[in-house]
Amino acid sequence: MTEEFDLDDARKRYHFALAPEDYERLPFYSALLHEFEHDTIALELLAGVRAEQRNPMLVLATLQLAALRGHDVLGPIYDDARHGVLEDPKGAATRALEVLHAAPDLVRGELWRSTQTNEPGRSAVIQAVVRDLAGESERINVVEVGASAGINLYFDEFPVRAHDDGNPLTLVCEDVGPIDRSRPLPRVLSRVGVDPNPLLLASHEDRLWLKSCLWPEERRRHDRFDAIIAAQPSWPTVTMLRGHAKERLSAALALCDDSAMTIIVNTWTAFYFTVDERIAFFNDVAHRCANDNVAWLSIESTMVKWPDIDVEDEVRHRAASQIVVTRPGGSAIRWGWCHAHGRWLERTTAP
Ligand SMILES: C[S@@+](CC[C@H](N)C(=O)[O-])C[C@H]1O[C@@H](n2cnc3c(N)ncnc32)[C@H](O)[C@@H]1O
């Protein structure tokens, strides 16, 4: 069977999995990805994943899932990584690879899952763009396609700062360009999510998987996740619809208050669509923006190519996410760029 797998493609995916700025601050994940890039079993595991989920982060998340479930070797390694006390990241990566060699089914048996990283850092980007799209409107609706556990449907619950203020819910984002965070955010009337596999923050199993998708060396992300679990019961209600975008978008929009503009948001979701699905989704959303009080905000990898939007081949932006928007009655334009987890945001359009 292995001859069917494209190991070169898998090697490239491991190689480019992290942004250049992430290598230094994530020595364990960097070392692990380096090991995997040169290891036949790790390459075969990734190459064997169904095309739409062939993402190195899925393989890494399944390994962390074993750790969180108490694996005797992986458990202590990931625990130390999460607490910033892993003394020998390269040695730890080698030990993790040995575990994979001894028991590849530990990972293979979980590769049916999907990468469902629900990254609140993207809410810092959503806030800035929503403020711009809403303009003078004081009320909006938000429909998120690919909402995972719905955390970014609470985008307005997170303080955004340029520096860490010690509050685990604070999103730290460096703004570049004309971004005004001083104006209040519009009030959100309806919050609706669509996902083929909605995750529940109240479910222990779902929480384990959401945690597995977080990078272990980013303690702040883990602390934030725990703070979200504690705070979420007091946050506004969201409605989640189970299903694919193409099946459920109309139903989601129908749940919104039609006295206000609805912003359709997708963040790292179209990445998992086929090329045909992306085009169909783009055309569907373009039609709605042209004819209804609907706007679109897309934050996706540069591997997601949208019609009429060129992706410049700049090194700085290669691992960044591309922000594309459409205003009601308008056409899709690139608004700017951001770090995949919202660590920085660059606006390249005029306000
Ligand atoms: C990487 S997660 C991103 C979650 C969230 N948007 C965020 O940025 O935190 C991708 C999500 O897209 C969902 N998804 C995949 N294919 C989809 C489809 N055809 N329609 C709607 N959601 C989809 C997955 O189930 C998953 O929850």
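Trainee: In E5, which residue is the bridge partner of Arg-139?

Mentor: Keep in mind that we're looking at a predicted model. Strand E1 covers residues 139-145 and strand E5 covers residues 187-195, and the two pair in the parallel sense over 7 bridges. On the E5 side, the bridge partner of Arg-139 is Arg-187.

Trainee: OK, zooming out, in what order do the 9 strands of the open sheet come?

Mentor: The sheet is open and its pairing is mixed. Walking across it, the order is E4-E11-E10-E9-E8-E7-E1-E5-E6.

Trainee: And which are the edge strands?

Mentor: Look for strands that pair on one side only. In the order of the sheet, E4 and E6 sit at the two ends. So the edge strands, as the definition of pairing by bridges has it, are E4 (174-176) and E6 (239-242).

Trainee: By how many degrees are neighbouring strands of this sheet turned against each other on average?

Mentor: That figure is an average over neighbouring strands, with direction ignored. The value is 20°.

Trainee: Let's do the hairpins. Which residue in the turn between E9 and E10 has a positive phi?

Mentor: E9 and E10 run antiparallel, joined by 5 bridges, and Val-324 stands opposite Arg-334 in E10. The hairpin has 6 residues between its strands. The one in the turn with a positive phi, about 80°, is Gly-329.

Trainee: Which residue takes a positive phi in the hairpin of E10 and E11?

Mentor: E10 and E11 pair in the antiparallel sense over 3 bridges, with Leu-345 in E11 as the bridge partner of Cys-338. There are 5 residues between these strands. The residue with a positive phi, near 75°, is Gly-342.

Trainee: Now the helices. At about what angle does H9 run to E8?

Mentor: H9 spans residues 122-134 and lies across E1, E7, E8, E9, E10 and E11. Another helix, H12 (residues 245-254), lies across E1, E5, E6 and E7, at about 155° to E5. For H9 against E8, the angle is about 150°.

Trainee: Are H5 and H10 oblique or roughly parallel to each other?

Mentor: H5 (residues 56-68) and H10 (residues 204-212) pack with their axes 8 Å apart, at an angle of about 125°. Roughly perpendicular stops at 115 degrees and roughly antiparallel needs over 145. The pair is therefore oblique.

Trainee: Which residues of H10 make the contact with H5?

Mentor: The crossing of the two helices is right-handed. H5 brings Ala-61, Gln-64, Leu-65 and Leu-68 to the contact. By class, the contact has 5 nonpolar, 2 polar and 1 charged residues. From H10 come Leu-208, Trp-209, Lys-211 and Ser-212.

Trainee: What about H12 and H13, roughly parallel or roughly antiparallel?

Mentor: H13 covers residues 275-291, and its axis lies 11 Å from that of H12, at an angle of about 20°. Angles under 35 degrees fall in one class. H12 and H13 are therefore roughly parallel.

Trainee: Last one, about the ligand: how many polar residues are in the shell around the ligand?

Mentor: The ligand is surrounded by 23 residues, and the closest are Gly-146, Ser-148, His-244, Ala-245 and Thr-267. Of the shell, 8 are nonpolar and 3 charged. The polar count is 12.

How values were computed:
Residues are numbered from 1 along each chain as its sequence is written. This is a predicted model: local features need pLDDT of at least 70, side-chain atom pairs count only at pLDDT 80 or more; totals for chains, interfaces and linings use all residues. A residue is near a molecule or strand if its C-beta atom, placed from the backbone, lies within 6 Å of it. Ala, Val, Leu, Ile, Met, Phe, Trp, Tyr, Cys and Pro count as nonpolar, Asp, Glu, Lys and Arg as charged, and the others, Gly among them, as polar. Helices (H or I, at least four residues) and strands (E, at least two) are DSSP runs, numbered from the N terminus. Axes are lines fitted to C-alpha atoms, for helices over the stretch in contact, and angles run from 0 to 180 degrees between N-to-C directions. Two residues are in contact if their C-beta atoms, placed from the backbone, lie within 7 Å. Angles under 35 degrees count as roughly parallel, over 145 as roughly antiparallel, 65 to 115 as roughly perpendicular and the rest as oblique. A crossing is left-handed if the near helix is turned anticlockwise from the far one by less than a right angle, and right-handed if clockwise.
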